[in-house]
Amino acid sequence: MRTSAAHALLESLKSVGVDYVFCNPGSDFAPVIEELATGPTGDFPQFLTVADERLAPALAHGYYLASGDMAAMMVHVNVGLANAVMGLINARSDDIPMFVLAGRTPLSTGDRTGARDSPIQYGQEMYDQGAL
């Protein structure tokens, strides 16, 4: 059986104790969304969709305070992460562990597998998203 990178990511999150992922995903998480949509065949965390990126770190923060267990958050590239940053700063100030997933715009165009043909990706490229 062939395992995708998304499948391995989801199983890895669960294997380190992440039971919940609070997410506001975008098109940059297509492989993860497809893996979840095809019916999980592994032991995956539960994904809870939130209406705004600012909620994702706040919910992961609160989940840790209530349960003592680390949660993960997943947000869209660029403005998604920018909207979540204040919540991440709050979590860091309180020493709250949190696994953060932020997308990346596709780097390929044309006929390659996973390539995109929409011009929106270029406006969303941050070049150094980790610095944010």
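User: Is strand S1 mostly enclosed or open, and why?
Analyst: In this predicted model, S1 is largely enclosed by the rest of the structure, because four of its five residues are buried.

User: Can we zoom in on one residue? Where does Val21 sit, and is Val21 buried or exposed?
Analyst: Val21 belongs to strand S1. Val21 is buried, since its relative accessible area is 0% and the cut-off for buried is under 20%.

User: What is Val21 in contact with, if we skip its close neighbours in sequence?
Analyst: Leaving out neighbours within four places in sequence, Val21 is in contact with Leu13, Pro45, Gln46, Phe47, Leu48, Ala72, Met73 and Met74.

User: And how far is Val21 from Ala60?
Analyst: Their C-alpha atoms are separated by 7.8 Å, while along the chain Val21 and Ala60 are 39 residues apart.

User: OK, back to the strands. Which strands does S1 pair with?
Analyst: S1 pairs with S2 in the parallel sense, over four bridges. S1 is also joined to S3 by four bridges, and that pair runs parallel as well.

User: Which residues are the bridge partners of Cys23?
Analyst: In S2 the partner of Cys23 is Thr49, and in S3 the partner is Met74.

User: What holds paired strands together in general?
Analyst: Strands of a sheet pair through backbone hydrogen bonds, and the pairing can be parallel or antiparallel.

User: So what is the strand order in this sheet?
Analyst: The sheet is open and has four strands in the order S2-S1-S3-S4, with parallel pairing. Strands S2 (46–49) and S4 (98–102) stand at the edges; each has a single partner strand, so one side of each is left without a neighbour in the sheet. From one strand to the next, the twist averages 20°.

User: How many bridges join S3 to S4?
Analyst: Five bridges join S3, which covers residues 71–75, to S4, and the two run parallel. As an example from this pair, Met73 stands opposite Val100 in S4.

User: Which strands does helix H3 lie across?
Analyst: H3 lies across S1 (20–24), S3 and S4. Relative to S3, the helix runs at about 180°.

User: Let me step back. How many helices and strands are there, and in what order do they come?
Analyst: The chain has five helices and four strands. Starting at the N terminus, the elements run α-β-α-β-α-β-α-β-α.

User: How much of the chain counts as buried?
Analyst: Of its 132 residues, 37% count as buried. The accessible surface comes to about 7700 Å², and 54% of that belongs to carbon and sulfur atoms.

User: What share of the contacts links residues 24 or more positions apart?
Analyst: Among contacts with a separation of 6 or more, residues 24 or more positions apart account for 74%. The pair Val21 and Ala60 that you asked about is 39 residues apart along the chain.

User: New topic: charges. Why would two charged side chains pair up?
Analyst: Side chains of opposite charge can pair when their charged atoms come close.

User: How many salt bridges are there here?
Analyst: The count is three salt bridges. One of them is between Lys14 and Asp19, whose closest N and O atoms are 2.7 Å apart. Arg54 forms another with Asp52, at 2.8 Å between the closest N and O atoms. Arg92 and Asp95 also meet in a salt bridge, at 2.6 Å from N to O.

User: Are those residues buried or exposed?
Analyst: Let's go pair by pair. Lys14 is partly exposed at 23% relative accessible area, and Asp19 is partly exposed at 27%. In the remaining pair, Arg92 is exposed at 57% and Asp95 is exposed at 57%.

Terms used:
Residues numbered from 1 in each chain as written. Predicted model: local features only at pLDDT ≥ 70, side-chain atom pairs only at ≥ 80, totals over all residues. Heavy atoms only, no water. Salt bridge = Lys/Arg side-chain N within 4 Å of Asp/Glu carboxyl O. Buried < 20%, exposed > 50% of the residue type's maximum accessible area, 1.4 Å probe, protein only. Pairing = 2+ DSSP bridges. Axes fitted to C-alpha atoms, helices over the stretch in contact; angles between N-to-C directions. Contact = heavy atoms within 4.5 Å. Areas by Shrake-Rupley, 256 points an atom, 1.4 Å probe, with all protein chains shown as cover.
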